[in-house]
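We'll walk through it one spot at a time.

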Amino acid sequence: MENKILILNMKMYMELKDIKEYISKVNVTNDNIILCPTAIYLPYFLKKYKNLAIQNIYAEDLGAYTGAISALQVSELGIKYAIVGHSECRNHFNETDELINKKIKSALDNGLKVILCIGDNLEQYKSLKTKEVLKQQLHKDLYNIESQNIIIAYEPIFSIGTGNVLDNEMISNIISFIKQELCDMNLDLPVVYGGSVNSDNIKELIKIKNVDGFMVGKSSSMIDEVLKMIKVVSS
Ligand code: PEP
């Protein structure tokens, strides 16, 4: 079995003392593990790890954009990936699909690989609109993009941070749909699942044949959890 991708999105969960402990205890054994610390801690991680992602980028390279960080700036540091379109950024920072499309183009133009997050909310899921919503996001976010340097993260918004994980059959069904949609767009991209993944449920989730890996939020900031999840995806 090929190693599954494990994307560890630490969000804004840790402070400096936690970061130092994390780096001293977490050893990465496999190329498919991508660590995504809060941006200001990236230089600490760069001393030890190869596969790092920034959690968000701005769509412009350089200029008068106070507080922003560009793809050009992170790629110069040696960071390989950028998360784009996370539901928390879509919601809290009002990011539109048009802006997400610009960010993806900027990341790719600057040599970064992209982790594109897509997902439906509970209302859309309950009214059976999941596939329609995902199709729209894929087509708008990936408009005029042909690169294969993208990982799709399917993250149902109602599963993020809630402990409500969809069952394996449902996840598999939605991943098949996403892969078919990508195929129709002439793209062949890995698709990972995210939403309340932890060291327990990953043992069940890894049985899903068409899932290429996982994106983890809360549990990725807990050292014991991370060590166990790394073992599961590396075995
Ligand atoms: C996420 O926000 O990408 C995520 C998967 O979060 P959590 O694991 O905390 O649900």
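His 86 is buried, with a relative accessible area of 5%; buried here means under 20% relative accessible area, exposed means over 50%, and partly exposed is anything in between, using a 1.4 Å probe and protein chains only. Before going on, a word on where the values come from: this is a predicted model, in which local features need pLDDT of at least 70, side-chain atom pairs count only at pLDDT 80 or more, and totals for chains, interfaces and linings use all residues. Residues are numbered from 1 along each chain as its sequence is written, and side-chain values use heavy atoms, with hydrogens and water left out.

Back to His 86. You'll find it in the loop between strand S4 (81-84) and helix H4 (87-92); helices (H or I, at least four residues) and strands (E, at least two) are DSSP runs, numbered from the N terminus. Which residues does His 86 touch, not counting residues up to four places away in sequence? They are Asn 9, Lys 11, Cys 117, Glu 155, Ile 160 and Met 215, where contact means heavy atoms within 4.5 Å.

A polar side-chain atom of His 86 sits 2.7 Å from a ligand oxygen atom. Glu 155 also places a polar side-chain atom 2.7 Å from an oxygen atom of the ligand. With Ser 196 it is a backbone N or O atom that lies 2.7 Å from a ligand oxygen atom. For reference, a polar contact is a pair of N or O atoms within 3.5 Å; within protein, one must be able to donate a hydrogen and the other to accept it, and residues adjacent in sequence count only if both atoms are side-chain atoms.

Searching the whole structure turns up one cavity of 30 Å³ or more, and the largest cavity holds about 40 Å³ of space. The search runs on a 1 Å grid over the protein atoms alone: a cavity is a set of points where a 1.4 Å probe fits but cannot get out, a pocket is an open set with protein on both sides within 12 Å along at least five of seven lines, and lining residues have an atom within 4 Å of a point. Grid points are joined across faces, edges and corners, and a volume is the space filled by probe spheres set on the points. Glu 155 shows up again in the lining of the largest cavity, which also includes Cys 117 and Ile 160. H4 and strand S5 (113-118) each supply at least two residues of that lining. By class, the lining divides into four nonpolar, four polar and two charged residues; Ala, Val, Leu, Ile, Met, Phe, Trp, Tyr, Cys and Pro count as nonpolar, Asp, Glu, Lys and Arg as charged, and the others, Gly among them, as polar.

The largest pocket has a volume of about 510 Å³. It is lined by 22 residues, and the closest to its centre are Gln 55, Asn 56, Ile 57, Cys 89 and Phe 93. Which helix gives the largest share of the lining of the largest pocket? That's H4, with three residues. The lining of the largest pocket has 11 nonpolar, seven polar and four charged residues.

Follow the chain out of H4 and you get to Asn 94, in the loop between H4 and helix H5 (97-109). Asn 94 isn't a glycine, yet it has a positive phi of about 50°, and at 61% relative accessibility it counts as exposed. Asn 144 is another non-glycine residue with a positive phi, near 60°. It lies in the loop between H7 and strand S6 (150-154) and is exposed at 60% relative accessibility.

Helix H7 (residues 130-141) holds Thr 130, which is buried at 7% relative accessibility. Leaving aside neighbours within four places in sequence, Thr 130 is in contact with Asp 120, Gln 124, Tyr 125, Tyr 154 and Ile 174. Lys 135 is in helix H7 as well, but this residue is partly exposed, at 39%. Outside the four places on either side in sequence, Lys 135 touches Phe 177 and Glu 181. Lys 135 and Phe 177 are 42 residues apart along the chain, with 8.9 Å between their C-alpha atoms.
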